[in-house]
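Hi,

Here is the structure I promised to pass on.

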Amino acid sequence: METRELLKWSAQVKLREKSKQEGRLEHGHRMCAGCGAPTVVKMVLMATEYPVVLSNATGCLEVSTCIQEFTAWKTPWIHTAFENAAATLAGVETMYRALLKKGKMPENVKFIAFGGDGGTYDIGLQSLSGAMERGHDMLYVCYDNGAYMNTGIQRSSATPLGADTTTSPAGSANPAGKLQQRKDLTRIMADHGIYAAQASPSHWLDLMNKVKKAHSIKGAKFLNIIAPCNRGWRTATDNSIELSRLAVETCYWPLYEIEDGKLKVTVTPEEKKPVDLFFKPQGRFKHLYSPENEGVLEKIQAQIDKTWERLLKESEGPC
């Protein structure tokens, strides 16, 4: 058996073992069929081999997993407002350290905050930046679906250039959809001097390795994970993993990590594909294929190419 095939087989065996673990996010939640967010959460928690306390910003994940007395969570979980998931968990982590010194708490409890891009890139950015700058021993995970999906598919600063949303609609007044580039939040978080990385559920081993690495680092950590939303992206309900894979293979969503200020590309596509393959299955980009928007697609592709070339140049060692 060739080395690559052997490694793939070994990884599959480990995933089967992991899949037998008791889940910390159970079935019965009310997330949409095919939503990428619960898949992301399950992978993150599957890679977390410690007692864990969770904080969850208001959003799709929160409102659909805990309704009145019914909950899909099988771990300590705190619902917070849109803007303060990081601040809330920072307070809990501080209390834990105080009780740990008094011998009243066990060691190696981990703290994870989950938030969508609306509650992370925008509304929650202030509390997130504060928690990261102060160095609280916690991991913040953003499940990035590229808009405020829970409140009506409004654009966020994570929404890509050219996307059609309810607050950046493509129409006669503006045929191109959103006119601005998306915010590079992963790099912004890395500039806080912390471990920051991007991941995708299509590359589960890379994702879980980054979670494990984050837990091994003392202090603040940030993980940005793409999470397709078939409602907002206007796609089928059975292709979230395929879309996640295309996002990586087109380098729309490059997989890399930044540790101690050093960047490393962790997955290099065997063949870099045009972003058109990622955009075309999504209804939010269908207007870009009209003649008047031909230049928008070219602009998006050029920006992706430029960013990817920069990442490879900066990388300590692309795989």
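A word on naming before the findings: helices (H or I, at least four residues) and strands (E, at least two) are DSSP runs, numbered from the N terminus. This is a predicted model, so local features need pLDDT of at least 70 and side-chain atom pairs count only at pLDDT 80 or more, while totals for chains, interfaces and linings use all residues. Residues are numbered from 1 along each chain as its sequence is written, and side-chain values use heavy atoms, with hydrogens and water left out.

Ile153 is not a glycine, yet its phi is positive, about 65 degrees. Ile153 sits in the loop between β6 (139-144) and α7 (185-190). With 11% relative accessibility, Ile153 counts as buried (buried means under 20% relative accessible area, exposed over 50%, partly exposed in between, using a 1.4 Å probe and protein chains only). Asp260 is another non-glycine residue with a positive phi, near 55 degrees. Its place is the loop between β9 (255-259) and β10 (262-267), and at a relative accessible area of 71% Asp260 is exposed.

Next, a helix pair. The axes of α4 (residues 85-101) and α6 (residues 125-134) come within 7 Å and cross at roughly 35 degrees; axes here are lines fitted to C-alpha atoms, for helices over the stretch in contact, and angles run from 0 to 180 degrees between N-to-C directions. On the α4 side the contact (heavy atoms within 4.5 Å) is made by Ala86, Ala87 and Ala90, and on the α6 side by Ser127, Leu128, Ala131 and Arg134. Sorted by class, that contact has five nonpolar, one polar and one charged residues. For the classes, Ala, Val, Leu, Ile, Met, Phe, Trp, Tyr, Cys and Pro count as nonpolar, Asp, Glu, Lys and Arg as charged, and the others, Gly among them, as polar.

Within α6, Ser127, Leu128, Gly130, Ala131 and Met132 are buried. The cover over these buried residues includes α4, α5, β6, α7 and β8 (221-226). After α6 comes Gly135, with a positive phi near 80 degrees.

A pocket, on a 1 Å grid over the protein atoms alone, is an open set of points with protein on both sides within 12 Å along at least five of seven lines; a cavity is a set where a 1.4 Å probe fits but cannot get out, and lining residues have an atom within 4 Å of a point. Grid points are joined across faces, edges and corners, and a volume is the space filled by probe spheres set on the points. Helix α12 (residues 294-314) gives the largest share of this pocket's lining, seven residues. By class the lining of the second largest pocket has eleven nonpolar, four polar and five charged residues.

As for cavities, the whole structure has three of 30 Å³ or more, and the largest cavity holds about 110 Å³. It is lined by 15 residues, with Gly59, Gly116, Gly118, Ala147 and Met149 nearest its centre. Helix α5 (residues 117-122) supplies the largest share of that lining, three residues.

Cheers
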